[in-house]
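Q: I would like to learn how to read covalent and charged side-chain contacts in a model. Where do we start?

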Amino acid sequence: QVQLQESGPGLVKPSQTLSVTCTVSNGSITTDYYTWSWIRQSPGKGLEWMGVIAYDGTTYYNPYFKSRTSISRDTSKNQFSLQLSSVTPDDTAVYYCARDRALRYWGQGTQVTVSS
């Protein structure tokens with residue numbers, strides 16, 4: 001089955017840009033008509049869907065995050081990434097990538113802590 005693996009910096013300083021990457025195995029991010037999402041989880045806010053990139057590169061964002069969120073992809077590496085700018089400690093969370101509008105397949109998540 002398809003496998004997803006997140007990677008990230010672990011620690012980011014406030015005001016900087018957070019970047020996490022999802023590597024997909026046993027499946028292509030360009031296959032019709034799958035979509036690929038970013039979700040995060042924190043104790044205070046629970047699960048938050050952040051945005052998605054579709055098989056053709058089309059992106060959609062949760063309006064709450066849109067102003068400082070960008071999702072991109074590298075099809076040669078079968079990867080897609082999330083960039084979150086101007087971070088604060090409130091952005092500390094486990095960041096997950098997932099497939100489908102139903103979010104059927106998830107990675108194990110990567111912890112990102114925002115702290116000075």
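A: Start with burial: buried means under 20% relative accessible area, exposed over 50%, and partly exposed in between (1.4 Å probe, protein chains only). This is a predicted model, in which local features need pLDDT of at least 70, side-chain atom pairs count only at pLDDT 80 or more, and totals for chains, interfaces and linings use all residues. Residues are numbered from 1 along each chain as its sequence is written, and side-chain values use heavy atoms, with hydrogens and water left out.

Q: Which residues does the disulfide join?

A: A disulfide is a covalent bond between the sulfur atoms of two cysteines; the cut-off is a sulfur pair within 2.5 Å. Here Cys 22 is joined to Cys 97, S to S 2.1 Å. Cys 22 lies in strand E3 (residues 18–25) and Cys 97 in strand E9 (residues 93–99), so the pair ties together parts 75 residues apart in sequence. Strands (E, at least two residues) are DSSP runs numbered from the N terminus. Both cysteines are buried.

Q: How many salt bridges are there?

A: Side chains of opposite charge can pair when their charged atoms come close. The criterion is a side-chain nitrogen of Lys or Arg within 4 Å of a carboxyl oxygen of Asp or Glu, and the search finds 5. Asp 91 pairs with Arg 40 at 2.9 Å and with Arg 68 at 2.7 Å. Asp 91 is buried at 0% relative accessibility, whereas Arg 68 is partly exposed at 22%. Shared partners join Arg 40, Glu 48, Arg 68 and Asp 91 into one network.

Q: Are Asp 100 and Arg 99 buried or exposed?

A: Both are buried, and they form a salt bridge with closest N and O atoms 2.7 Å apart.

Definitions and conventions. Helix = DSSP H or I, 4+ residues; strand = E, 2+ residues; numbered from the N terminus.
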